[in-house]
Protein chains: 2
Amino acid sequence: MVGMRGAYGGSGGGYNGNESRPLGGKAAAPTSLAPPAGEIAAMGVHKVAPPPPRSTASKMKARVKETFFPDDPFRGFKGQPLGTQWLMAVKYLFPILDWMPGYSFSLFKSDLISGLTIASLAIPQGISYAKLASLPPIVGLYSSFVPPMVYTVLGSSRDLAVGPVSIASLIMGSMLRQAVSPSAEPLLFLQLALTSTFFAGLVQASLGILRLGFIIDFLSKATLVGFMAGAAIIVSLQQLKALLGIVHFTTEMGLVPVMASVFHHTKEWSWQTILMGVCFLVFLLAARHVSIRWPKLFWVSACAPLASVVISTLLVFLFKAQNHGISIIGQLKCGLNRPSWDKLLFDTTYLGLTMKTGLVTGIISLTEGIAVGRTFASLKDYQVDGNKEMMAIGLMNVVGSCTSCYVTTGAFSRSAVNHNAGCKTAMSNVIMALTVMVTLLFLMPLFVYTPNVVLGAIIIAAVIGLIDIPAVYHIWKMDKMDFLVCVCAFAGVIFISVQEGLAIAVGISIFRVLMQITRPKMMVQGNIKGTDIYRDLHHYKEAQRVSGFLILAIEAPINFANSNYLNERIKRWIEEESFEQDKQTELHFIILDLSAVPAIDTSGIAFLIDIKKTIEKRDMELVLVNPTGEVMEKIQRVNEAQTHFRADCLYLTTGEAVASLSVLAKMTKP
Amino acid sequence: MVGMRGAYGGSGGGYNGNESRPLGGKAAAPTSLAPPAGEIAAMGVHKVAPPPPRSTASKMKARVKETFFPDDPFRGFKGQPLGTQWLMAVKYLFPILDWMPGYSFSLFKSDLISGLTIASLAIPQGISYAKLASLPPIVGLYSSFVPPMVYTVLGSSRDLAVGPVSIASLIMGSMLRQAVSPSAEPLLFLQLALTSTFFAGLVQASLGILRLGFIIDFLSKATLVGFMAGAAIIVSLQQLKALLGIVHFTTEMGLVPVMASVFHHTKEWSWQTILMGVCFLVFLLAARHVSIRWPKLFWVSACAPLASVVISTLLVFLFKAQNHGISIIGQLKCGLNRPSWDKLLFDTTYLGLTMKTGLVTGIISLTEGIAVGRTFASLKDYQVDGNKEMMAIGLMNVVGSCTSCYVTTGAFSRSAVNHNAGCKTAMSNVIMALTVMVTLLFLMPLFVYTPNVVLGAIIIAAVIGLIDIPAVYHIWKMDKMDFLVCVCAFAGVIFISVQEGLAIAVGISIFRVLMQITRPKMMVQGNIKGTDIYRDLHHYKEAQRVSGFLILAIEAPINFANSNYLNERIKRWIEEESFEQDKQTELHFIILDLSAVPAIDTSGIAFLIDIKKTIEKRDMELVLVNPTGEVMEKIQRVNEAQTHFRADCLYLTTGEAVASLSVLAKMTKP
């Protein structure tokens, strides 16, 4: 419509086809000044161009590229000499080569401090999380030694602190315990854990190599908030065993069986254990609170766990508390990780279990690792390549599974401490690993008297941060459906099981997306007076119906899932509109604005043809506005067989369509 | 932008802010005529209005209504007196009351002819399909007697011919045979079939009552074409047993085991059977061909099966062919359907199996019934209410399961014959049922000598029509992904199993829809010179980049599945664009056109805030254009906590945004 200005520009007010006025329907009085036949051509209506022709192969290529390589990781390679390309490829695979050459002493100082800080967190947490997974405590320390070294070489995040994490430990333990008892068959259990770790690494690396990283995007924020909170509660509940000193604890995880077990064994409660546990829990939570309140004191909560371990060990040692009902870790062997590739178990009896466990823990830990990496990269404004990170984390776990480590990833709490302590590069992981190495070599005997109750308190203090009430409130305020997803994930984890809670939440999220396609938004549009802008009548009160026209905008791809709905809904709209407009003028034109229809499939094309026939049977005309590239292409292809959509029912803008159709209507029905 | 005309309308050429020209970036030479400060206000830029406030409850209500009652079935009820409303409700539930009162003799004549025609098809097909489901042949006739009567009362389609169908029979037989052998335990097998039918009816009626009819829309045309063709081949392969006279036939269904079985038992092949089978098959296919070529001769193919049965039975009787290796049906009892509610088996041993069988056969047969109903309704231009049809078909099967019938629905082939024979109302079903009744009461002894090979030939001739080569070609031409879905459904059915082939095809279809959300289309838009139309640069060659601006249109809901992708992709676009534009002017404004974003969730909002911050860090400005109702609402809600999106970064059209921002840029950077 605006193109008119070319023809009428000089004539001042001129013919203003945009304003809402009764159009030339049968019932409308013909204007005395019937426009000349040449007017429509003179109006400079813009044609809907077919998109530039492309072969199926090139379209496929473009789609594959956009699906799997949206970040175009090799775009810097173009136009470089071969040698440089090789160098860039090596640097791409080993990000350490990017920062190592320019590494300086001042950077090292920062990394040293942050590395030591996270080591003080990693040692007690490593031991605790291994116990959470029903594994020997030393496996937790092994896992804080080799994987961080691997990550330093392969990883592209500067802030990620690598090691075992609570939720993956919980899930691995609970899934494997369903088949094998860790107390009855500890070696088999360890073998299964290592094999699961191997599969987890394989899944993670494959996702990265196959560039399927977007799969973890299906765990939405709402799902994760609910899931994390539920898992935190499940993990905390498990610590009641250590915290209350119960010996015969349930092996189940749900809220109900655990609480039943706790109150069924009240006789086993040990007041010494409870007293010690509560004291250290209060201390840890207070330290956490201090660090949240004054972020500069981040080291308070970072050092509290190690301090707790040291103090409690001393207390036990001095008062011989192990004889007063306080259970202790006991003897731990010194020495570094032993190779464990011979322990991987590909026996068909347990293959299904280990693969499933690997898949679930792999995806969950990957989600945490990637989210942590992205968060801190965004804070420091550098890029983290999701797919490359997946390969790094995956390889780290494959290597880990061959060196007595169980599943590891970037932990949120430790990475936050790392970041706050001022880490500059992944070197802080190396410092941490070396500190753990020293511990493994020389300090293990010191943990003999460490009481289990303190490990429980450390876990609770660590996971309590996963319960994010403000995020839940934000989700509630923003989006009620997201809130439902969040609650379902939470309730599912607490009452059913960790995996099923997650599955339910993902299912609801996907169902919601499908529903948006199945019942797409459609708007009846009207003209904003004095312009050629057309907008939703319900949203913009100043928008007015154009009499004689029904202008519908569809906001979704048209496909098998919605073509029946669209068909029936549009028919109903025409009936209702005909009924309303009858009073003034008849309905003559149905305009479908396809601007917001990104794609159409065969069912969608069938729907367009069908609705066109229906509309023509009722003596009206269907007009399509602004079909995008793919839609236009398919319309062309339909026209090759039989011309369903002639050029005169395709317009570039609603304004132009309304203007030239009303001129046409006036000419043909004087 | 167009609103400017209000201010500049009279001045002829005037100030034309739409034309593409270097905008006032830092590098651009300032125009000597810097616009006055009041200009922007005078330009009459339209504000983005917040949508009219609605409570969560009313929004929920609207969404629920649009999801479950898109056809608004009770809209005619409004404003009617209570008595009329009651009458309308009864008529809604029993559509027979709609047409019965006005039923005339001339309508009856048409229905009589078409009813007799479809009866001649229903009797041999009923017997054949029952054998396909490994049920006694008489159950097929029972199923052509009671269900059509029920449908006549409840159904709203005038053309549907109700009875057993090939694919549902195949699936039911194959699923139940996995657990129970029909030859070893015929009574148990029948009980399971009846129970499955009961559950199928329950599922169908529930889908209708709960208004979940859209679930069958997820079986897209492409899926169905592939599935039907595969099922037709599987069904035909099963007939090789009868056609070749093999006694020891495999119980499996796949292409490979059936062919292996056929060639493993070549000694059992009986030349008499093969000769008879081939002759009748050629006769039936020829009749089918005649009816397709000359549609007026529809009765040729309609009567051919019955003719085959009569002729073959006579031949066997006359030549005592049963003694020469031709197997016959054998003795059938006379009499109508016996009540069978006492045969329904809700034993826990088989409950899972019957429920699953009921679910699968229920949904498959529903899909066929609804599709057939819609097809003929569209031909005769009347409406079929999908959900009401589901209730009718479901109740028909529940009643059927209590009267010795197995699963029935509207069959495509028989309905086509019904339509061609000129049926006017559902009364033709009653005529058919009465004819079947007469057969059941008096003619059953005549089928004693009917050879099984003819039944096999009848099935093959019936299902061959399900292989729709032109449709496959059309799908291939229109949409390669749909073609893939079609091929997967076909191959899955043939090589794996009927249910899994279907599941794979549905899975791929849904995955494709999800991928459209996960990797949404984004377009870089440019200005079409001399207008304020902005269109995809790749599609419209006449569209030109506006220097200083990057205009991106997003075409999908923004949610958890794509917010990471959008974030990274937009950043990459900004980098690439900055790089390209450096030569002339710097990039100043990123415009996101949200016209085609129907919805946004919490992850999406987080993405908008994040990308805004990123853009501001790079000294550019983010502008949102035309957020729709829901998106605008969420932006408002975000602003309540902290004003992220001020009114001056929200515009109603891209044209207005470009015009006023370039004026602004000129003013602030002279």
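**Helix packing, chain contact and selected residues**

Q: To begin with the helices: is the crossing of α21(A) and α22(A) right-handed or left-handed?
A: The crossing of α21(A) and α22(A) is right-handed. Please bear in mind that this is a predicted model.

Q: At what angle do those two helices of chain A, α21 and α22, pack?
A: Helix α21 of chain A, residues 480-496, packs against helix α22 of chain A, residues 498-518, at an angle of about 160 degrees. Their axes are 6 Å apart. Angles over 145 degrees count as roughly antiparallel, and α21(A) and α22(A) are therefore roughly antiparallel to each other.

Q: Which residues of α21(A) and α22(A) meet?
A: From α21(A) come A:M481, A:L484, A:V485, A:C488, A:A489, A:G492, A:V493 and A:I496. They meet A:V498, A:E500, A:G501, A:L502, A:I504, A:A505, A:I508, A:S509 and A:R512 of α22(A). By class, this contact of α21(A) with α22(A) has twelve nonpolar, three polar and two charged residues.

Q: Now α6(A) and α19(A): at what angle do their axes cross?
A: The axes of helix α6 of chain A (residues 105-132) and helix α19 of chain A (residues 452-463) cross at roughly 95 degrees and come within 9 Å. That makes α6(A) roughly perpendicular to α19(A).

Q: And which residues meet there, between α6(A) and α19(A)?
A: On α6(A) they are A:P124, A:Q125, A:I127, A:S128, A:K131 and A:L132, and on α19(A) they are A:L455, A:I458, A:I459 and A:A462. The contact of α6(A) with α19(A) has seven nonpolar, two polar and one charged residues by class.

Q: Stepping back, what does the secondary structure of chain A come to?
A: Chain A has 26 helices and nine strands. The radius of gyration of chain A is 33 Å, well over the 26 Å that the globule rule gives for 670 residues, so chain A is more spread out than a compact globule. Its C-alpha atoms fill a box of roughly 110 × 65 × 55 Å along the principal axes.

Q: How many of the residues of chain A count as buried?
A: Of the 670 residues of chain A, 51% count as buried. Among contacts in chain A between residues at least 6 apart in sequence, 81% join residues at least 24 apart.

Q: How many residues does the contact take from chain A and from chain B?
A: The contact takes 77 residues from chain A and 78 residues from chain B. Several helices of chain B each supply at least two residues of the side that touches chain A, among them α3 (56-68), α11 (221-244), α20 (469-478) and α25 (629-641). The helix that gives the most to that side is α22(B), with eight residues. By class, the side of chain B that touches chain A has 29 nonpolar, 26 polar and 23 charged residues.

Q: Since α11(B) has come up, at what angle do α9(B) and α11(B) pack?
A: Helix α9 of chain B, residues 166-177, and α11(B) pack at an angle of about 65 degrees, with their axes 10 Å apart. They are therefore roughly perpendicular to each other. The crossing of α9(B) past α11(B) is left-handed. B:S166, B:I167 and B:L170 of α9(B) make the contact with B:A231, B:I234 and B:V235 of α11(B). By class, the contact of α9(B) with α11(B) has five nonpolar, one polar and no charged residues.

Q: Is B:A168 buried or exposed?
A: B:A168 lies in helix α9 of chain B. It is buried, with 30 other C-beta atoms within 10 Å. Leaving aside neighbours within four places in sequence, B:A168 is in contact with B:T361, B:I364, B:S365, B:V407 and B:T409.

Q: Changing topic, what is phi of B:R211 and where is this residue found?
A: Phi of B:R211 is near 55 degrees, a positive value in a residue other than glycine. Most residues other than glycine have a negative phi. B:R211 is found in the loop between α10 (186-209) and α11 of chain B. With 19 C-beta neighbours inside 10 Å, B:R211 counts as partly exposed.

Q: What about phi of B:S404?
A: Phi of B:S404 is near 60 degrees, which is a positive value in a residue other than glycine. B:S404 lies in the loop between α16 (386-401) and β2 (409-410) of chain B. It counts as buried, with 24 C-beta neighbours inside 10 Å.

Q: Last one: where is B:D648 found?
A: B:D648 is found in the loop between α25 and β9 (650-651) of chain B. It is partly exposed, with 13 other C-beta atoms within 10 Å.

Key
Residues are numbered from 1 along each chain as its sequence is written. Chains are lettered from A and ligands numbered from 1 in the order in which they are written. This is a predicted model: local features need pLDDT of at least 70, side-chain atom pairs count only at pLDDT 80 or more; totals for chains, interfaces and linings use all residues. Helices (H or I, at least four residues) and strands (E, at least two) are DSSP runs, numbered from the N terminus. The radius of gyration is taken over C-alpha atoms; the globule rule is 2.2 Å times the number of residues to the power 0.38. A residue is buried if 20 or more other C-beta atoms lie within 10 Å of its own, exposed if 12 or fewer, and partly exposed in between; C-beta atoms are placed from the backbone. Two residues are in contact if their C-beta atoms, placed from the backbone, lie within 7 Å. Ala, Val, Leu, Ile, Met, Phe, Trp, Tyr, Cys and Pro count as nonpolar, Asp, Glu, Lys and Arg as charged, and the others, Gly among them, as polar. Axes are lines fitted to C-alpha atoms, for helices over the stretch in contact, and angles run from 0 to 180 degrees between N-to-C directions. Angles under 35 degrees count as roughly parallel, over 145 as roughly antiparallel, 65 to 115 as roughly perpendicular and the rest as oblique. A crossing is left-handed if the near helix is turned anticlockwise from the far one by less than a right angle, and right-handed if clockwise.
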